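Subject: Structure for you to look at

Hi,

Here is the structure I promised to pass on. Have it open while you read, and I'll walk you through what turned up.

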Amino acid sequence: MIRKFIKNIFGIVFPNHCIICGNMIESEKMNYICIDCINKKLDYIHKDDYTRCERCGKLIEDKNKTCACKYEEIYFDECKSMLYYKGITIDLIHKMKFSHRYLICSDFGAILSFYYKDYIKKFDAVTFVPLGKNRFLERGYNQSEIIAKTISKILNIKLIENIIGRKKETYPLSMIKDKELRKSTIKDAFKINKNFKNNLKEKINILIIDDVFTTGATLNEISSEIRKIENIGKIGVLTVARVYTNSI
C-alpha cells in the first residue's frame with residue numbers, strides 16, 4: 001500500500017509523457033506509450049490482410065497452401081509476432097534495450113496480453129530467451145524476461161524462469177545478416193536446466209517470449225533444447241516484433 005501510494009504521488013508530481021507523441025500518459029498501467037499511440041501509431045501485423053503460416057509466421061498465398069517450413073527443421077509448433085519491425089517500433093525497441101528505458105518492456109507485455117490473450121492462454125506456462133551474462137551486466141536487465149513476467153502477472157499464467165540458460169556467449173546476432181551464419185553462431189549456445197530435464201510430472205505446453213524475431217535461429221535453437229525435456233507438449237513463440245525475411 002505504501003509503495004503504491006508513493007508511486008501515485010510520484011506520478012502526480014512527475015507525470016509520464018508518451019515517448020512517441022510527447023503527450024501526458026493518462027493510463028496508470030502504461031509507462032512510456034499512451035493509449036492513443038498504441039491504437040493509432042503502431043504497425044500491427046495482425047491488422048493487415050496477409051495470410052501467414054501458423055507454424056513459422058511466413059507469408060503464404062492462402063491457408064490451404066503448404067508452407068515451405070514443412071521441409072525445414074523447426075522445433076516450435078506455432079509462432080506469432082505483434083508488430084512489424086520498422087519505424088516507431090525500431091525506435092521503441094532500441095530505447096528499451098540500449099537506453100535503459102526498461103519500463104517499455106512492461107508496456108509491450110501489457111499490449112501483448114491484450115491483443116494475444118487467447119493465443120497465450122493456449123499454453124500452460126511462459127518462459128523467455130535468456131540473456132548472456134556479459135550482456136546482462138552491460139544492460140542490467142533482460143528485456144524478454146520483463147515482458148514475460150508482465151504477461152504472467154496480467155494473465156495469471158505460470159512463469160518458468162530457469163528452464164534454459166546460456167552455455168556460451170555469442171556475437172550479437174543483430175549484427176549478422178546471413179541466415180546460415182546466424183544458425184552456426186547460435187548453435188549449442190543454450191542448455192537445459194538439469195532440474196527440469198526429467199522432472200516435469202505432467203505434460204505442459206510452453207510459450208517462449210522474445211522481443212524481435214529476425215530469422216528465428218535463436219528461438220529455434222532454444223526450442224530444440226526444450227524438446228529434450230520429457231513431458232513437453234506444444235512449443236509456441238510470441239515476439240513483440242518481426243523482421244520479415246524469406247525464410248526462418
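Let's start with two helices. Helix H3 (residues 88-98) packs against H4 at an angle of about 130°, and their axes are 8 Å apart. That angle makes H3 oblique to H4. Before you go further, keep in mind that this is a predicted model, not an experimental one.

Which residues meet where H3 and H4 touch? From H3 you'll find Leu-92, Ile-93, Lys-95 and Met-96, and on the H4 side they meet Ile-104, Cys-105 and Phe-108. Sorted by class, this contact has six nonpolar residues, one charged residue and no polar ones.

Click on Leu-92 next, which sits in helix H3. Is Leu-92 buried or exposed? It's buried, with a relative accessible area of 0%. Not counting residues up to four places away in sequence, Leu-92 touches Ile-19, Ile-20, Ile-33, Leu-42, Ile-104 and Phe-108. Try the distance tool on Leu-92 and Phe-108: they are 16 residues apart in sequence, and their C-alpha atoms are 9.7 Å apart in space.

Between H3 and H4 there's a loop, and His-100 is found in it. His-100 has a phi near 60°, a positive value in a residue other than glycine. Another residue like that is Asn-231, with phi near 70°, again positive and again not a glycine. You'll find Asn-231 in the loop between helix H10 (217-226) and strand E9 (232-242). Asn-231 is partly exposed, with a relative accessible area of 33%.

Now for the inside of the protein. In soluble globular proteins, nonpolar side chains tend to be buried together. Here the largest nonpolar core has 39 residues, and those touching the most other members are Met-82, Phe-108, Ile-120, Ile-147 and Val-240. Helix H4 (residues 103-115) gives the most to this core, with six residues. Apart from that core lies another one of 31 residues, including Phe-76, Ile-206, Phe-213 and Ala-217.

Leaving aside neighbours within four places in sequence, Met-82 is in contact with Asp-43, Tyr-44, Ile-45, His-46, Phe-108, Ile-111, Leu-112, Tyr-115, Tyr-116, Thr-239 and Val-240.

What about the cysteines? How many disulfides are there? The count comes to zero. Cys-21 is in no disulfide, and the nearest cysteine sulfur, in Cys-37, is 3.7 Å away. A disulfide needs the two sulfur atoms within 2.5 Å.

Finally, zoom out to the whole chain. There are ten helices and nine strands in it. Of its 248 residues, 47% count as buried. If you take contacts between residues at least 6 apart in sequence, 72% of them join residues at least 24 apart.

Note on methods: Residues numbered from 1 in each chain as written. Predicted model: local features only at pLDDT ≥ 70, side-chain atom pairs only at ≥ 80, totals over all residues. Heavy atoms only, no water. Core = buried A, V, L, I, M, F, W, Y, C linked by side-chain atoms within 4.5 Å. Buried < 20%, exposed > 50% of the residue type's maximum accessible area, 1.4 Å probe, protein only. Helix = DSSP H or I, 4+ residues; strand = E, 2+ residues; numbered from the N terminus. Contact = heavy atoms within 4.5 Å. Axes fitted to C-alpha atoms, helices over the stretch in contact; angles between N-to-C directions. Parallel < 35°, antiparallel > 145°, perpendicular 65-115°, else oblique. Nonpolar A, V, L, I, M, F, W, Y, C, P; charged D, E, K, R; others polar.
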